[in-house]
Structure formats: C-alpha cells, structure tokens
Amino acid sequence: MAVAIDVKGLRKSYDDVEAVRGIDLSVEAGAVFALLGPNGAGKTTTVEILEGFRARTAGEVTVLGFDPARRERAMRAQIGIVLQSTGVDPYLTVAETVELYRGYYPSPRPLDEVIEVVGLEEKRDTRVLKLSGGQQRRLDVAIALAGDPRLLFLDEPTTGFDPGARRNAWQVVKNLQALGKTIFLTTHYMDEAQYLANRVAVIARGEIVAEGPPGSLGGRDLARTLIRFRVPDGAEELPQVGATPGADGMLEIHAEDPTRVLYELTSWAVQRGRSLEGLEVVRPTLEDVYLELTGAEEGRT
Amino acid sequence: MSTAGLTLRQVRFTNKAFWRNPASAFFTFAFPLMFLVIFTALLGNGHLRLGGMEIRQSTYYVAAMAAFSVITACYTNIAISVTFQRDAGVLKRTRGTPLPAWAYLTGRVIHAVIVAILLVILCAAFGRGFYHAHVPSGVTLWKFAVILLVGAASFAALGLAVTAVIPNADASPAVVNATILPLLFLSGIFIPLGDDAPAWIRWVGRLFPVRHFADGMSAGFLGLPFKWNDVLIVAAWGVAGLMLAARSFSWEPRR
C-alpha cells in the first residue's frame, strides 16, 4: 500500500531543548495512525512539522510526496488540519464558515455532505458564537474536511470533552475512515488510540518508545495473563500452580499458558462441586503498557 | 478560482462578519460619525484661520472627522481585529489552507478601505447637508481620491505592522490607542492647531503621517491648496509599515 507519511530521523530543537529526538514513522494511505504520549512528549511539535507550521532541525519528512517545510500550496490543498486550539470568525454561521473554507480548495466536498459527516445539520444556520465547545470542535473537523483532503491531521481532537462528546467525536473519525481518508491523530488517551487507530506509536521525551497495532503494542499480546480468584476452603488440595495466596485470600497467577492453567483449576473445582470466587482473567491493558513505556515521564508532569 | 477572485471572496466574508459584530460596527462606523455630530454641534460656530483663509470650524471638523474615520477604519480596526483573529487561532488555521497569505491580508485591507470610503462619503454628505462643507469635485476630486486611497492603504499597512508589537488581544486596544491618540491630538484632528501652536507639536505633525493625511483631506473639503508632498509622506509611512509587516507579522499567538 502507498505511504502517506514517511519520517526518518526527525529532530527538533527549541533553543537548547530538544523536543523531538530522532523519530521514525511511516503511515500507510488509508490508515488511522495514533501518536500517543503524555503532555510535553513532543506530539504537537511532530504533527506541526508534518503540517508545515514548523521547520525541523534535522531529518527527512515526506507528506503525500511533499516536503512540508517547503509549504507548497499543492500539499496544503490535499491535507486537512484540526489544530489543538483554533478559532473561526464567531459572527459567521456554520454553513457560511464551511463555505468560506471550501472556496480555498480546488475540488471541495459538497457543503451539505461536510456538515452531515460531522453531524451539525441542525446547527447549519447558527452563528459560531452560539455553538457549544463540542459543536465547535466538530466544526473544526468540518473545516478540515471542506477541501476533501486525502490526509487529515487531528491534534488531540477530544481533549476536554465529556464522555458523550468523545463518543460522538469518535464516530466522526470512524465516518472519515470509512470515506477512505488517511488520519494522523495525536492523543494522550489510551482508549482513544485503541478504539480508533490501526497503528499506534508511543512517544515519550521526544522519542518513539513503542510502535505497532494497538493489540500487540509493547509486546502486550505476548505478556503473561493474570488469573485471579479467592482461594476456597480446603485449598491444600488445589493443583500446584506455583503461587501463594495474598493476605486477603486472593491468589494471583501470572500464567504463560492460561488455557492449561485455567483448565486445571476449573476442572478441579467442578469435580469437587466448589466455585472459584471472584475469578478473573486479565490481560495487560494498553494503559498498563503505556504507563510502563512512558513511566519516567509521569514523575515529571 | 483565480487569486483575485479569492481575495474578493475574502472581502465579502470579512464584510459579512464585520457588520454582525456590534463592537466593530459601532467603534469603526458609528463612532467617527458620532464624533462629527458632537464636535460640530459643540464647537462648530466659531471660525479659524488656516493658510490665510477664514474657515468655519464646523467645516474644519467635517474634514478632520473624515480623516479620523479613515484612520479608525484602517489602522485601529485592522490592528485590533487582526490581533483578535491571531490570538483566536484564525490566522494559523488560514495558514494551513491553500489560500495564499497575501490574499487573506489584501482582503482585509481592501475591506477596510471600502469602509473608509463609505465613512468619508457619509462625512461629506453630513457636512454638505448641515454645514455647507465644500464637496470635492472635478480635478480636486481626483486629487482627493488619491490622498484618500493612499492614506487608507497606508494606515491599513501600519495597522498590520503594529500587530507585530502587540503581545496579545487583550492588550491590542491599549497599544493601538497609545500609538494613535496622542498623534490625533498633536495633528489637530480634535482641536484645530493654529499657526501659534508650539514648534515641537508642529514638528510631530511634520514627521508623522496623520497631519499630512488630514491636510490632504482638508484640501478637498476646505478648498485649500493640495500638496503632493502630503501624499508622498503618507505613502512612505505606508511602505515602511508594509515592510515591517512583511518582516515581523505573526500568524500565531505570541505567547
């Protein structure tokens, strides 16, 4: 598949601080790629270099075949940008605003279609200053879509949203993906990356610390599964599982072969007519992996 | 779309938003007209001598307020509204689209010039209707049009330039007024400067563009001799403003 974004050895320094320290990224056309990391990790610096807002200090960057540092109109005509905080004229209506931005592009998307994708049909003739925060954010996405871009950048699209608004925003991103757009998003929410992205790169202190599909990020698919239950009375008969119960009577087993261990445990219990209270089988969440990968950063912020 | 088409489109949308914003419509549009009515009503009955001619003070104010309108519509309005747009992130967003930067800025300047022309026409109609002001015609009208366009464009360029030193939107009215209000007073816009004005005040008038622009406007309304020198000095300030804006204009909030 074609590559939409290719980054090699990207570095960016501000005065004496190195915000991005040599990162490599590759985003395939049609994919949803999430750059995940805590605040101050270098996400926005990276995405703004890709968008052409910032000059890089070193490295190679190609976006849709262009070098974004050259700020060519032809590149800007094919990308859509949702920045972290941007405004529009508060006195224009939703439809007028989208229409204004449509006019900048060689082959814009039909006005009504753009408004529909972000679900602002009912607010079509409402002035921007009367929109809620979530609606304004959806208008941001509508503006980014106005030119029918091949590639969309979403910089922390749901930061500050309530859970309902986040779900709506996620649906919008799913709609965009269905339209075949390549999406590059930054986020510091694990669930967002997991729900939306085909591929995730975790950035911390300006470096990529892990990269891959969300299901196997940081060896998550290979990590040992945790089996946990309350030890029943008469536990001395329990099959040998290589662990001792904690003070609360809960036994935790880190199993490399959870299928076999579970079989032994459950068949033992069923044969004796007992139950394993509070039985849980837990895989490490993306959050666990993320906290482990970005751990040193947490103490700083 | 052609770039000229894009610019005109930009003017149309800027205009739409301008009239819906009560603050910009009031301060840019109604304010100078209000001043005109107040000054002429309050001080319009006297006479003053300018360039060897006896002039009704009310007529003087028609010319002075026409100049004030242009400065408000171009310098003040552009400096404040562009700073607000910059801090709200509108400029940065626009910069991420294929719209050429100059098309955006030219659109704003053209819009300000149109508002300025409209205000001058209203001042002229008011002066003509109530205070027998001389309305430029014939060759004078052409010269008047030149100083008006050069002045409006120059003050708009200076408005863009001053955004480079305005730290944030909250500070913009303060910075803009601190730069323009003393000049308006020292250039005889609110209080006519007689020939006996202190020398340093007359030097301020000679150095800065406000007095020259007001003189050019007066030439049209009062029938005083028109000096191309005024046009040149105003234009020089405009070019300097444009060069400063080109060097230091910021598309992102300066935080």
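A crossing of two helices is right-handed if the near helix is turned clockwise from the far one by less than a right angle. Keep that in mind for the second stop. The model on screen is predicted.

**Stop 1: chain A, whole**

Select chain A. Colour residues 3-217 as domain 1 and residues 225-282 as domain 2. How far apart are the centres of domain 1 and domain 2 of chain A? Taken over C-alpha atoms, 46 Å separate them.

**Stop 2: a helix pair in chain B**

Now select residues 22-43 of chain B, which are helix 2. Angles over 145 degrees count as roughly antiparallel, so helix 2 and helix 3 of chain B are roughly antiparallel to each other. Apply the opening definition here: the crossing of helix 2 and helix 3 of chain B is right-handed.

Show the side chains where these helices meet. On helix 2 of chain B, pick among others Phe31(B), Pro32(B), Phe35(B), Leu36(B) and Phe39(B). On helix 3 of chain B, the residues they meet include Tyr61(B), Val62(B), Met65(B), Phe68(B) and Thr72(B). What is the make-up of the residues in this contact? They divide into 11 nonpolar, 9 polar and no charged.

**Stop 3: where chain B touches chain A**

Show both chains. The contact takes 16 residues from chain B and 19 residues from chain A. Select helix 1 (3-20) and helix 4 (90-95) of chain B; each supplies at least two residues of the side that touches chain A. Which helix gives the largest share of that side of chain B? Helix 1 of chain B does, with 5 residues. The side of chain B that touches chain A divides into 7 nonpolar, 4 polar and 5 charged residues.

**Stop 4: a sheet in chain A**

Return to chain A and find its open sheet of 3 strands, in the order 11-10-12. The pairing is antiparallel. Strand 11 (250-255) and strand 12 (280-282) are the edge strands, each pairing on one side only. From one strand to the next, the twist averages 20°.

Zoom in on strand 10, residues 225-230 of chain A. Strand 10 pairs with strand 11 of chain A over 6 bridges, in the antiparallel sense. Click Arg228(A): its bridge partner in strand 11 of chain A is Glu252(A).

Terms used
Residues numbered from 1 in each chain as written. Chains lettered and ligands numbered in written order. Predicted model: local features only at pLDDT ≥ 70, side-chain atom pairs only at ≥ 80, totals over all residues. Axes fitted to C-alpha atoms, helices over the stretch in contact; angles between N-to-C directions. Helix = DSSP H or I, 4+ residues; strand = E, 2+ residues; numbered from the N terminus. Parallel < 35°, antiparallel > 145°, perpendicular 65-115°, else oblique. Contact = placed C-beta atoms within 7 Å. Nonpolar A, V, L, I, M, F, W, Y, C, P; charged D, E, K, R; others polar. Pairing = 2+ DSSP bridges. Domains from an automatic or database assignment.
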